[in-house]
Amino acid sequence: MAHKFLLKVVSFETVDEIPSTWPETECRALLQHLEFSDAESVDSEQLRDYAVMALQDLEIDEAAQALLEFVFADKLAKGKKQNIAEDIQKEPLWEEYPDLALHEPIFNIQRLFNLAFDSAPKPQVNRIQISLHPTDAPSQAYLSQILASAKPEAFLVRCMAAALPDDAILNRLFEDPIAKAAFPEAEHIVWHVQSEPSPQQVGGRPGHLLTLYSPQRWSNELEDADETLCQPYLDEPSNAN
């Protein structure tokens, strides 16, 4: 059964950080990785500042390599880490690196790296607030299920795609998974999702207000998107990619 949803872009802005980036535990672990003395005694509120200062005590090349080693450890080959460490000093790799799965961790690395060295590119990501309202009871039930699932990204990216022009890069590069196939790349297109009940009803039905963090490459054209009635290809909520 086809489900339909009314999508409206409520707000759109560009930010330089996503929620929960560099929490206390990671900042303290980074200080220990950098062999910062008395890392355990640093107040929680000052951990990020100390992590930035510890990076600034290094040459920029060494700081980049230290961050890459801390985040990726043995998950990437040494040569790849070296190349990324060189490129984050001058390139927006969080959108340009060939492997989509590395975009979000590179973005998080770039955030701290830019705080330490303002000559490095400043990371930017779009924070988009959308409302989604179902058009009937079955669509309402599906929307509640998919947003409660562990991976709602494929559904949300397909809804985004419906609001974009046909020639948008998202629609051109992912035509098949948007229309009819599994979409494992979706979680690398929408990085972070926050959901809450919408304060408004449409057609007497409650909806959801969603805050999405998505790279500019995929989502810039949403800023001017009209209200859209979307009928996305649907995964089963328990199996959504």
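**Note on the pockets of a predicted model**

1. In the lining of the second largest pocket, the classes divide into 6 nonpolar, 4 polar and 2 charged residues, where Ala, Val, Leu, Ile, Met, Phe, Trp, Tyr, Cys and Pro count as nonpolar, Asp, Glu, Lys and Arg as charged, and the others, Gly among them, as polar. This is a predicted model, in which local features need pLDDT of at least 70 and side-chain atom pairs count only at pLDDT 80 or more, while totals for chains, interfaces and linings use all residues. Residues are numbered from 1 along each chain as its sequence is written, and side-chain values use heavy atoms, with hydrogens and water left out.

2. The second largest pocket holds about 170 Å³ of space; a pocket here is an open set of points on a 1 Å grid over the protein atoms alone, where a 1.4 Å probe fits, with protein on both sides within 12 Å along at least five of seven lines, and lining residues have an atom within 4 Å of a point. Its lining includes Leu 6, Lys 8, His 133, Gln 200 and Glu 227, and the elements that give two or more residues to this lining are β1 (5-15), β2 (125-134) and β3 (192-202), strands being DSSP runs of E with at least two residues and helices runs of H or I with at least four, numbered from the N terminus.

Key:
Grid points are joined across faces, edges and corners, and a volume is the space filled by probe spheres set on the points.
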